[in-house]
Amino acid sequence: MAALLTGSAAFAQIHKMERADTSAVAHTYDLNPVVVTGSGHHQRMKYTATPVRMLSSQEIREQGITTFDAALTRMMPQVSMAPNSMGTFLRLNGLGNKYILILVNGQKLSGDISNNVDLNRINMARVKRIEVLDGAASSLYGSDAIAGVINIITDQPTQQLVSVMSDTRVSGKGQLTESVNLDIHTHGFGSYTSFVHDRADSYQTTDLEYKKGSDTETQPTIAPFFTGYRSNVLSQKFTYSPNRHLAMNAYVDYSNKITDRPATRPDITGGTDYEMRYRGLRYGFGGIYKFTQRNSLQADLTIDRFRYGKEYDVETKNNAVGDFVESKRQRTIEGQLKGVLGLTANSTTVVGADWRRDKLVATSGNIDQTAYTLAAYAQHEVKMWDLLTATVGLRYDYHENFHNRLTPKATLMLSPGPFNFRATWSTGFRAPGLDELYYHYYSVNRGKPQITFGNSSLDPERSNYFALNAEYRTQTLAVSVTGYVNRISDMIIRQDISVGSSELTMLQAEFPEMTSAEAAKLERYSRYVNSDRGDIKGLQVNVSANLFDGFNLSANYAYTYARTENSGEWSVLERSIRNVATLAANYHHAWGHYALNVNLNGRLQSRTYYTSYENAPGYGIWNLHTTHTFDHLHWAIIEPSIGVDNLFNRVDRRIDSSNRKYALYSPGRMLVVGLRVRFQ
């Protein structure tokens, strides 16, 4: 959006430089980039009072990454992922999906399946950068921002009249990503079209499983370790900037995804009667008016629709092949109004108002519920002296079910020379989701019933986040150390309840569709309740250095100690990881119209904790990727690439059973080949 406000003279100058400034001859790492998520307005990273970690499209491309989960896990140690047929279970600083607010250009991305986010909805072909803000951020962003905020900033190029780009990546296990972009920009008008197809086959790391009730006897299975899928994302955005003050936009994103699992067979276990099918439609419009360089008003309206269900590929008692049974439908309508004001030469004030309405329709239990939220917020940042910057913020939310909520924030930053010393206190809250309030859920998975009840008496979750940060940043070296504590009250968990004779009678009355055979397999059911509290302590160290011309090294480390207390007993938070490090070395050199880029990156992590199961062992994964850029042609830049994922063939081959949980989902060493062509 900001790029559209650049004057026409600047556009002309950029166009003149286009042929000289290709990736074949120009390649630098900016250790002081512009970010927006921490403060709500554009700032250089060095000057933001709230630390933000940023991944650029250049870093993502150099590592041969085409998926959102790979971008985060390869480069951010505080993030972990657990893919499954229901989506991706995402964790940030020890906390799961529901505590992480995912934004696209500042607007919330909705849609989840049993608290698993469908990350395939994110159009990686348009990602300009990914910004990650750690810790509670509800003073600016409202509910859900307890673990942090992930903001995906998309790109709308303005350098050329017409630009076409194709990007293809192929690797083992049927993994294929293909994206095509068509960009048109002329006389202030822009049209940006993209299509992304992503697919992967299901695979196993072992074809055995333990027999039920045994940890020694095994039997063959076709159950996938990783669930294959096919997904598509089609995006269209229009922009119009009639002058240097006004910029407007309208967009629509359509996504679909279907799993690709082995079908049920009578001779072997592990098959499934149906595939999971997801569809998302996200559209909106908005604009920004810049009165002056430091004073602007922005308005946006976003509508996000998401639904998923079961598409049968095996005939069953109640369904024919091809039948689709909808499980859940979600809709979010959100309107935002934000002003960024430079009231004095040394201050920036952000004020805004939000209105949001959520709707949930779930087939099981005949749920059809809505809830709305109204909010107003203000944040004032002032440079009081040459070395000291202070920020205070306050947000007021009115939730239809939980009424009033205030979330304040305060930061101080001392900046002597190239150093920054920051102290942050921020608060967060999370209103219970409509599923947690109203679920009356019944499903059968491989013959075993699953039952979950909502709880309309739940309280909102609340958090207090404290952080101290020390940073040294120049053009060649950036070092940051952050220590934090995040304390959460009234955490919402699913409590397992054992099924006795009286409970079974109640459940059969609640769910008359449950057969006698299914009831005989029912051992427990779940109900959402407020736990006592959570306590997360952590340390992060980030280092990035331009050691010499063309060579960059980055190293990141995250220590996380995450616990939860329930009824006076402390336990390690499920799926938390104590120690993770990510490392990357990148070398780039150009010879005339040819450039070579070599990237070596690794992720090293300790075991993953599971409270009721065997802990998953730690691992180390290394990936090597090379990109070769050819700029000989006047009409195109061609970038073939080749690399190897999982150089040392690390695989978790433990035999699956009910007490096995995993952290490493790689199938092993794989060759990766890509081709990127930009026509101009």
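1. The protein exposes about 29,200 Å², and carbon and sulfur atoms supply 56% of that area. Areas follow the Shrake-Rupley method with a 1.4 Å probe; for residues, only the protein chains shown count as cover. This is a predicted model: local features need pLDDT of at least 70, side-chain atom pairs count only at pLDDT 80 or more, and totals for chains, interfaces and linings use all residues. Residues are numbered from 1 along each chain as its sequence is written, and side-chain values use heavy atoms, with hydrogens and water left out.

2. Overall form. Along the principal axes, the C-alpha atoms fill a box of roughly 75 × 55 × 40 Å.

3. Secondary structure. There are seven helices and 40 strands. Both are DSSP runs numbered from the N terminus: helices are H or I with at least four residues, strands are E with at least two.

4. Burial. Buried residues make up 54% of the 680. Buried means under 20% relative accessible area, exposed over 50%, and partly exposed in between (1.4 Å probe, protein chains only). Helix H3 (residues 68-75) is mostly covered, with seven of its eight residues buried. Among them are Phe68, Leu72, Arg74 and Met75.

5. Salt bridges. The count comes to 32. The rule asks for a side-chain nitrogen of Lys or Arg within 4 Å of a carboxyl oxygen of Asp or Glu. Lys98, Arg430, Glu436 and Glu461 are linked in a network of such bridges.

6. A bridge between distant parts of the chain. Lysine 257 pairs with aspartate 118, the closest N and O atoms being 3.9 Å apart. Lysine 257 lies in strand S18 (residues 246-260), and aspartate 118 in the loop between strands S9 (116-117) and S10 (127-134); the two are 139 residues apart. Both lysine 257 and aspartate 118 are buried.

7. Two further pairs. Glutamate 131 and arginine 129 form a salt bridge, with closest N and O atoms 2.5 Å apart. Glutamate 131 counts as buried because its relative accessibility is 0%. Arginine 129, at 9%, is also buried. Aspartate 535 and lysine 537 meet in a salt bridge at 2.5 Å, N to O. Here aspartate 535 is buried at 4% relative accessibility, whereas lysine 537, at 30%, counts as partly exposed.
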